[in-house]
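Me: I would like to learn how to read the helix features of a protein model. Please take them one at a time.

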Amino acid sequence: MVYTFSQSCWASCYEEAVCCLYSPLNVCLASGDLHKRDFHHYINQWGHFLIAFPQAYDIVLESLEDQQEDVQAAILERRNFITQELQWHASFIQECDLDPTAETTQHSVTAKYVNFLLATASGNLDMVHLEIPTPAEKLKIAAHVLSAITPCVRVSATLARLIKPVTRRNKRPRRFNMWIDRYSSDEFEASTQQTEVLLNWLSNSLTDEERKVLGEVYHQAMKLEVEFFYSRLSVPTKLIPVSLLHNREEERLLLFSVFDFACTTVDSLQGLEQMTLSSAKEKSIVGLPPRPGRRPRPGNTHLQMSRADLQKAWDAIVVFDKREMDKWLLKILAIPIAVGFDYDGLCKVLEQLSVIREMEFQE
């Protein structure tokens, strides 16, 4: 499959797109329990994005030469759609009885993107080195602006379409459904595709090296979009299965499939004890691994015992576990502070812990 330039850029931002989708804001929006205060913040801050888009387009339109009428017309069409979007945004705020003056100040993350976009439109972006503003260079600036705007509209259209079918409409507040319906609409998707077509068109006249820089602008805008979705949430109400902005070169992320047996002093033993005891009647005979100090009969892998003996066995296991765990922790705390990540050392420590677990049921 041959990708267009915009499709290649979007595919390269897969990880960022997943982070946006599974951000607490979008998960709570999809489920319908996003706090009203956070929704208002999101709506108001998105309004600053919509205001910045036409500002960037205006800067580009002013710089283009008269003979570049086809590009001017295409950019003007994109600008007009954003103007319509701003009008819908204002009517949405009014219909939902939101306060349009509640947050007139840009959040620091919002300001990062707005400044990035306007610097791109002005040709003052650090990652872009432009020569004398010839007509060709001005077209290049137009391409950079489209590359900075496109991921924002693409991620909005894609997320809305993914979120819409997750929960039944009657489970979400009406204002949430109105917002999701708008950005999942065929009209908004068509506008997004037209923006991508314009970006593809402008990228065709660039060299491979210039397209590489254009892709970097796209990727940077997408990173700022991720920061935007994670910028604020009053109360974290969801367990999100995504690690955000993890620096692979400087950090290490280890996943434990049985977390309590690997990392905590108060693990699931007490819970297992209660489950076992609650399933056994007062005078019943049950099977359990041998308690400390007793051995099973030959040929019998489980010792038969009464409920009272079962209680004593579990008490002994819990006491043994606590004592050995305390010894293990004291040994770990005695290790000098690490100056770097010692993977092999960590494995040895966890092996010591697994030995403790084995001893509990072999004593």
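**Reading burial and helix packing**

Reply: Start with S203, which is buried, at a relative accessible area of 1%; buried means under 20% relative accessible area, exposed over 50%, and partly exposed in between, with a 1.4 Å probe and protein chains only. This is a predicted model, in which local features need pLDDT of at least 70 and side-chain atom pairs count only at pLDDT 80 or more, while totals for chains, interfaces and linings use all residues. Residues are numbered from 1 along each chain as its sequence is written, and side-chain values use heavy atoms, with hydrogens and water left out.

Me: Where is S203 placed, and with which residues is S203 in contact, leaving aside neighbours within four places in sequence?

Reply: S203 is in helix α9; helices (H or I, at least four residues) and strands (E, at least two) are DSSP runs, numbered from the N terminus. Contact means heavy atoms within 4.5 Å. Apart from neighbours within four places in sequence, S203 is in contact with F5, R211 and L214.

Me: Which residues of helix α1 are buried?

Reply: The general idea is that an α-helix has 3.6 residues a turn, so residues three or four places apart point the same way. In α1, residues 5–12, the buried ones are F5, S6 and C9. Seen down the axis of α1, they fall within an arc of 95°, so they line one face of the helix; the arc is that of the directions from the helix axis to the C-beta atoms. Their cover includes α9 (186–203) and α10 (208–229).

Me: How do I read the packing of two helices, and at what angle do α2 and α10 pack?

Reply: Two packed helices are described by the angle between their axes and the distance between the axes. Axes are lines fitted to C-alpha atoms, for helices over the stretch in contact, and angles run from 0 to 180 degrees between N-to-C directions. Helix α2 (residues 14–21) packs with α10 at an angle of about 15°, their axes 9 Å apart. The two are therefore roughly parallel to each other; angles under 35 degrees count as roughly parallel, over 145 as roughly antiparallel, 65 to 115 as roughly perpendicular and the rest as oblique.

Me: Which residues make the contact of α2 with α10?

Reply: From α2 come E16, A17, C19 and C20, and from α10 come H219, M222, K223, E225, V226 and F229. By class they divide into six nonpolar, one polar and three charged. Here Ala, Val, Leu, Ile, Met, Phe, Trp, Tyr, Cys and Pro count as nonpolar, Asp, Glu, Lys and Arg as charged, and the others, Gly among them, as polar.

Me: Is α6 roughly parallel or roughly antiparallel to α10?

Reply: The axes of α6 (residues 108–121) and α10 come within 9 Å and cross at roughly 160°. That makes α6 roughly antiparallel to α10. The contact is made by V109, T110, K112, Y113 and F116 of α6 with V217, Q220, A221, L224, E227 and F228 of α10. These residues divide into seven nonpolar, two polar and two charged.

Me: At what angle do α4 and α8 pack?

Reply: Helix α4 (residues 36–63) and helix α8 (residues 174–183) pack at about 30°, with axes 12 Å apart. They are therefore roughly parallel. K36, F39, Y42, I43, W46 and L50 of α4 meet R175, F176, W179 and Y183 of α8 in this contact.

Me: How many helices and strands are there in the protein?

Reply: The protein has 14 helices and two strands. Of its 363 residues, 42% are buried.
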